[in-house]
Amino acid sequence: MWAAYSLLSGLSAGDRVAVVKYAEAPQAILDFTADKQAAAAALEQLSFNLGFGSLNLSSSVSKVLEWLTSVQGKKTIVLFSTGLDTSASNETASALQQLNTSDVRLLAVSLTGVLHNPKPVNKKKSPAKNSTQIAQQFEEADSAPEADG
């Protein structure tokens with residue numbers, strides 16, 4: 001989360017920030033504000049867990065892009081994510097198309113460093129039941145097409 005706090009501290013006084021989280025769908029935590037302390041407090045409410053519920057990344061990004069069409073000025077989404085996406089495959093293509101044609105930048109910050117390169121497992125412990133599923137989903141996320149720009 002240090003990246004988020006560094007980003008906040010580097011913003012100009014007039015810059016506005018909103019905080020949104022996603023799982024099945026995006027949920028606004030904090031509406032646009034120039035109050036950096038309120039934004040930091042909203043970020044502290046977030047928790048990042050590795051799980052296998054609905055992580056509709058692409059459809060959530062599409063919805064946020066729709067929300068931003070009425071916002072004036074420069075817009076950037078800073079996305080903190082594992083990259084795992086349970087959205088339908090056509091949603092991924094749609095989100096990429098929206099990004100390529102919008103005036104919104106998307107900066108992705110990966111939360112997978114430790115998850116992608118885990119520390120060696122104690123030989124007495126058996127690997128997690130879902131470790132194969134995790135590896136497969138990361139492989140799919142790594143090979144997903146990127147937006148132009």
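Me: In which sense do strand β1 (residues 17–22) and strand β2 (residues 26–33) pair?
Reply: This is a predicted model, in which local features need pLDDT of at least 70 and side-chain atom pairs count only at pLDDT 80 or more, while totals for chains, interfaces and linings use all residues. Residues are numbered from 1 along each chain as its sequence is written, and side-chain values use heavy atoms, with hydrogens and water left out. Helices (H or I, at least four residues) and strands (E, at least two) are DSSP runs numbered from the N terminus, and two strands pair if DSSP finds at least two bridges between them. β1 and β2 form a hairpin with 3 residues between them, V19 stands opposite L30 in β2, and over 5 bridges the sense of the pairing is antiparallel.

Me: What is the handedness of the crossover from β3 to β4?
Reply: Strand β3 (residues 75–81) and strand β4 (residues 104–110) pair in the parallel sense over 7 bridges, and I77 stands opposite L106 in β4. A crossover counts as right-handed if, with the strands pointing away from the viewer, the path from the first strand over the helix to the second runs clockwise. Here the chain passes from β3 through helix α4 (residues 89–101) to β4, and this β-α-β crossover is right-handed.

Me: Why do the buried residues of α2 lie on the same side of the helix, and how many degrees does their arc cover?
Reply: In helix α2 (residues 36–44), K36, A39, A40, A42 and L43 are buried, where buried means under 20% relative accessible area, exposed over 50%, and partly exposed in between (1.4 Å probe, protein chains only). What covers these buried residues includes α1 (2–9), β1 and β2, whereas the face turned away from the buried side carries the exposed residues Q37 and E44.

Me: Which residue caps the N-terminal end of α2?
Reply: A polar contact is a pair of N or O atoms within 3.5 Å; within protein, one must be able to donate a hydrogen and the other to accept it, and residues adjacent in sequence count only if both atoms are side-chain atoms. At this end of the helix, a side-chain oxygen lies 3.0 Å from the backbone nitrogen of Q37, and the residue that supplies this oxygen as the cap is D35.

Me: Which side chain joins that of S81 in a polar contact?
Reply: S81 lies in strand β3 and, at 8% relative accessibility, counts as buried. The side chain of S81 also reaches the backbone nitrogen of G83 at 2.9 Å. The polar contact between side chains, at 2.8 Å, joins S81 to Y22.

Me: How far apart in space are V104 and K75, C-alpha to C-alpha?
Reply: V104 is in strand β4 and is buried, with a relative accessible area of 8%. Taking contact as heavy atoms within 4.5 Å, and not counting residues up to four places away in sequence, V104 touches L65, L68, K75, T76, I77 and L99. Although V104 and K75 are 29 residues apart in sequence, their C-alpha separation in space is 5.0 Å.

Me: Which element of the protein chain has the lowest mean pLDDT?
Reply: pLDDT is the predictor's confidence in each residue, from 0 to 100, and the protein chain averages 80, with 70% of the residues scoring at least 70. Among the elements, helix α3 (residues 57–68) has the highest mean, 93, and the lowest, 58, belongs to helix α5 (residues 113–116).
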